[in-house]
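Please report on the structure below.

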Amino acid sequence: IVYSKKYVSLTRNELIEAVQSQISSKRFQHVLGVEQAAVQLAERYGVSIEKASIAALTHDYAKERSDKEMRELISHEKLDLEWLDYGSNIWHGPLGALLVERELGISNLDILNAIKHHTVGAEKMSLLEQVIYVADYIEPGRDFPGVEQVRTLAADDLQAAVGYETKQTLYYLIEKNRRIYPKTIATYNKWVANP
Ligand code: GDP
Ligand code: FE
Ligand code: FE
Ligand code: FE
């Protein structure tokens, strides 16, 4: 994939280096898997391959920033204090979008929303947001219960894949007695329980 420079001033290799500097090699392998899955879904559903690649490579950009730095960012920038109750698993999406914009100069809103919503989804998601949400779940390195069903669904019904993934995530969180972030429930209500 050769970037047009419409969305980021870096080449793909430079973007890869910028991302690699932020995360462990294990997570970096995951990120490359998400890019592969996202590009495949983008081709299937007529989404920009360049936007899918950029959003995939940057989606976990903030995942390994220290809790201290992220807590300070939330309070200094007057962001959502509710994130403090959930930790990095929830804040790395929205704070990732903010840091990717600031540090990598990416300003395309569709890409930033795909990063922002990749963990919990949203009631309204563009095709690119759906592609990243699903690619994060089905990339080749993933082995969750239900991942094969999501892979199969994603091959011809992206919205059904979003719904199935959301339901599996909720099953998992409930099984583990984890706190459910309210936006996760809003995503479920729209994409699963929607009459
Ligand atoms: P990753 O960053 O590639 O590991 O994947 P995600 O960004 O999709 O998810 C990060 C973590 O957040 C996963 O362990 C999810 O199970 C978890 N997660 C997703 N939704 C919620 C939620 O509503 N509440 C909590 N506590 N965790 C969640
Ligand atoms: Fe993530
Ligand atoms: Fe995810
Ligand atoms: Fe991820």
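## Iron site

Asp136 is buried, at 10% relative accessible area. Buried means under 20% relative accessible area, exposed over 50%, and partly exposed in between (1.4 Å probe, protein chains only). His30 is buried too, at 9% relative accessibility. This is a predicted model: local features need pLDDT of at least 70, side-chain atom pairs count only at pLDDT 80 or more, and totals for chains, interfaces and linings use all residues. Residues are numbered from 1 along each chain as its sequence is written, chains are lettered from A and ligands numbered from 1 in the order in which they are written, and side-chain values use heavy atoms, with hydrogens and water left out.

His30 and Asp136 both coordinate the iron ion (ligand 4). Donors are N, O and S atoms within 2.8 Å of the metal (3.2 Å for Na, K and Ca); water is not among the atoms, so sites may look incomplete. Along the chain, the donors of the iron ion (ligand 4) follow the spacing H-x28-H-D-x75-D. His30 sits in helix H2 (residues 25–45) and Asp136 in helix H7 (residues 127–138), so the pair ties together parts 106 residues apart in sequence. Helices (H or I, at least four residues) and strands (E, at least two) are DSSP runs, numbered from the N terminus.

Which residue coordinates both the iron ion (ligand 4) and the iron ion (ligand 2)? Asp60 does, and the two ions are 3.5 Å apart.

## Salt bridges

The structure holds 10 salt bridges. Each is a side-chain nitrogen of Lys or Arg within 4 Å of a carboxyl oxygen of Asp or Glu. Asp110 and Lys51 form one of them, at 3.2 Å from N to O. This pair links distant parts of the chain: Asp110 is in helix H6 (residues 109–116), Lys51 in helix H3 (residues 49–58), 59 residues apart. Both Asp110 and Lys51 are buried.

Asp136 pairs with Arg142, their closest N and O atoms 3.1 Å apart. Arg142 is partly exposed, at 24% relative accessibility. Asp60 belongs to a salt-bridge network with Arg27 and Glu64.

Glu148 and Arg151 meet at 2.9 Å, N to O. They are three residues apart in helix H8 (residues 147–156), so about one helical turn separates them. Glu148 is partly exposed at 48%. Arg151 is partly exposed at 23%.

## Nonpolar core

The largest nonpolar core has 60 residues. Such a core is a set of buried Ala, Val, Leu, Ile, Met, Phe, Trp, Tyr and Cys residues joined through side-chain atoms within 4.5 Å. Those with the most contacts inside it are Leu41, Ile54, Ile106, Ile111, Ile132, Val134 and Ile138.

Val134 touches Leu41, Val150, Ala154, Leu158, Ala161, Val162 and Glu165, not counting residues up to four places away in sequence. Contact means heavy atoms within 4.5 Å.

## Helix H4

The buried residues of helix H4 (residues 67–76) are Met70, Leu73 and Ile74. Seen down the axis of H4, they fall within an arc of 100°, so they line one face of the helix. The arc is that of the directions from the helix axis to the C-beta atoms. Helix H5 (88–104) is among what covers these buried residues.

The face of H4 turned away from its buried side carries the exposed residues Lys68 and His76. Just after H4, Lys78 takes a positive phi of about 55°.
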